[in-house]
Amino acid sequence: MSEATAHAATHQHTAPTGFFRKYVFSVDHKVIGLQYYGLGLFAVIIGMILSWLMRLHLGWSTLAIPGLEKLSPVGAPGNVMTPEYYLSLMTMHGTIMVFFVLTNVPFAGFGNYFLPIQVGAADMAFPRMNMMSFWVTLSAFLVLMAAFFVSGGPPLSGWTAYAPLSAIGQDAGPGQGLGQTLWAVSIAIFCVAQLLGALNFIATTLDLRTRGMSLARMPLSTWAWFITSVIGLMAFAVLLPACILLFLDRVAGTSFFVPSGLVVSDRLQPHTGGSPLLWQHLFWFFGHPEVYIAILPAIGIVSHILPAFMRKPMLGTRVLIGCMAAIGFLSYMVWGHHMFVSGMNPFSAILFSVPTLVITIPATIATLLWIGSVYGARLRITTASLFCLGFVSVFISGGISGFFLAQPSIDTYLHATYFVVAHFHFVMGVAAIFGMFAGTYFWMPKMIGRMMNESLGKLHFWITFVGVYCIFMPMHYLGLAGNVRRYAAFTDDFLVPLIPVHQFITIAALVTGAAQLIFLFNLVWTRFRGPKASDNPWQATSLEWSTTSPPPFDNFGGKQLVVHNEAYLYGVQGASGDYVMQTSPETVAQD
Amino acid sequence: MGKLFAVVLILITIISTVFFIYHGPDNILWLPIDASAHGHGVDHQLMETMYGSGFLFVASQILLGLFVWQSTSRPEGWKYKTFPGGAKPMVVSAILLVGIEILTLSFVGSKVWAGIYLSPAESQALPIDVQAGQFAFYFRYAGADGKFGGIHADKIDEGSGNFFGLDPRDDVAARDDVVVASLTIPVNRPILLTMHSKDVIHSFYVRELRLQQDIVPGLMIPLHFTATQTGRFEIVCTQLCGLGHYQMKAYLDVLPAGKFDEWLKQQEAQQ
């Protein structure tokens, strides 16, 4: 069955002609993948600028930031950020980063580009639906961006948008009018795109693998994308109705999330019968799997890239697949750990805590497998391998803080402090991003046919690696001191002495942010001046290296590849070179 | 450059660990004093986790650095070595080590948690009503009659100081309720807070009490504790509630029993 459908896929669409069909409204998964990547790049630049504005204000709360008044005369009169504008920028920062960067690039970006190729297909199972997914995602992004420019400005309830603050409407304060409604609409649209994308990934993985590509022979990155899409299907299927219910509470007079008797801005609100905790349950039932959607592709990508630079397979490839699957499965049982002190029955805190702690086990196994893989290897240091190694380090750092937060008795002190901010930034804002950087430096030669500049890449790595530790490690200490998060300024007696620490973090953030310009410059330089890449510049084994750089529109020039080998035959004795490609019929002495 | 990675990684590990041990001048980078009866359980849980995680953090980063150092100095033609035992030691040690740690921490931690949130308040606990609203906390004592008056959302009027929406005209119990903007309690006496919100979700957080509890509109949430040290502490809101969130706070004053009785009598006389 797989063979017939794979063959059919090679005739799904003919070569596109004309600029628009080739580069804009393209059904080619490679173009779509690059479009997602480009959107993610644009989004991360905006998200990062927002974080600089936030950090400047936190370090120096009366600072006049040039140009800010132009962006929002109400939000920043005299270029000084108001507290409500700080919260709005913070909300947009989180929303943009989690949805349009972290869900977008590692999964929709790299996954779209490489999953079909890595399984030997000519395209995704549903190329037109794939194209639609991108344009729907872009629409969601534009709707969200519109919130900056409407009257009342962007919402200020955080990316988590807890009700009733997010459900009441204009009375709740600045940004809670049209801005919040646009947020709900944008995220609902985003969910639709993600659901369509997940379906595509699943169908492609199950049905379009080429001859000889059994599930066991799929690369770890493909496994990660597949597991991520299964998680995503169920997670986004819950967020979509949640956003619709929120939208209805805001515009249609319903009361899903708002109880009766609320007095906001001196006005008795008309709602009755709703539950604020219901929003939290729905949101976090999505929200927890979402963070694994953000990290699993990075885990797969790093595990896929490291063997090429260690010239040996990962220790325990199949165990790692099991770990990814276990993490995906367990991710649905832990959402209440975001709600330990939320007012839900405290007994459920104990119930949620156990699987939360249990998730540590597959995560620890994966970490030990990475460390154990480096043992006995001959490591080649490239920018891609540096980001992989850096990934392991920051994944450890971020994972360990999770161990504290998973316990309700400790969370009673650390909840809503900078300890939490440190935790999720290490795992999402650093580890997942390192995975994306590793993927970029590794796969850019394949995607655009040119090698990236290694000197610039390494400089980018070093400043970023040291920089992120300078930014996020001190946040643990702030959290232990009880420094509350989501504060626009620090005026409480116990917070004032901590301001110098915030100032240090801000400077580190600005320097690290500036270093990303090196990366951007490298991307541009590569596009125009990078030396041409061969088909297989890294001497790697998986199917993407069996075709040209970049691949032709149907990936393999009309050929149907036959796979003979598992994905990571590196360091093989007696092979021509020290590796055996997946398509090679060469038989070698297996140690 | 692999050696440089190893060196930088180990330096980062050492410097990070230093600040988990040295807490800055006046210990500003650490928890404040524990002023509650149950706090030692929280602190103990935190320290146990700190030791276990600290060891894992340092060991894993150093091991990563060490293996990277070794692996980048290998000659051309090197035949790779597999970690002794393969993946099995990783799986077994992760399950055993992490498993045992999880079981121990969960067992002890659940008792700590249950002691705070799942046990009933003592019968002689002093009941205090807490209302959170954008952007202030208000506290209510039952007064001489020992009964709280009913609260009515439609009667809330901040301008006249009727924060709780009491109806002293028609509700006898409400007439002697004491309403104040800071929480004053006697030391070493059980306190039972009943918390509610008039608008959005807020949260009650006192670092020195090792207590945090969201205050959810539509719910009446109990929180009980005993303060074991006198002093003035800060109650801060930790659930994003709008533009004034960062300023939403109240003071907790823990007084010796005699002084508290005096204070309460004074407040009652003023009603």
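The model is predicted: local features need pLDDT of at least 70, side-chain atom pairs count only at pLDDT 80 or more, and totals for chains, interfaces and linings use all residues. Residues are numbered from 1 along each chain as its sequence is written, with chains lettered from A and ligands numbered from 1 in the order in which they are written.

**Sheet in chain B**
- Strands pair if DSSP finds at least two bridges between them.
- E1 (residues 126-133) and E5 (residues 190-197) of chain B pair in the parallel sense over seven bridges.
- B:Pro127 has B:Leu192 as its bridge partner in E5(B).

**Contact between chains**
- In chain B, 84 residues are in contact (C-beta atoms, placed from the backbone, within 7 Å) with 90 residues of chain A.
- H3(B) gives the largest share of chain B's side, 16 residues.

**A:Gly94**
- A:Gly94 lies in helix H5 (residues 83-102) of chain A; helices are DSSP runs of H or I, at least four residues.
- Leaving out residues up to four places away in sequence, A:Gly94 touches A:Gly158 and A:Trp159.
- A:Gly94 and A:Val334 stand 240 residues apart in sequence and 21 Å apart in space, C-alpha to C-alpha.

Technical notes: Helix = DSSP H or I, 4+ residues; strand = E, 2+ residues; numbered from the N terminus. Contact = placed C-beta atoms within 7 Å.
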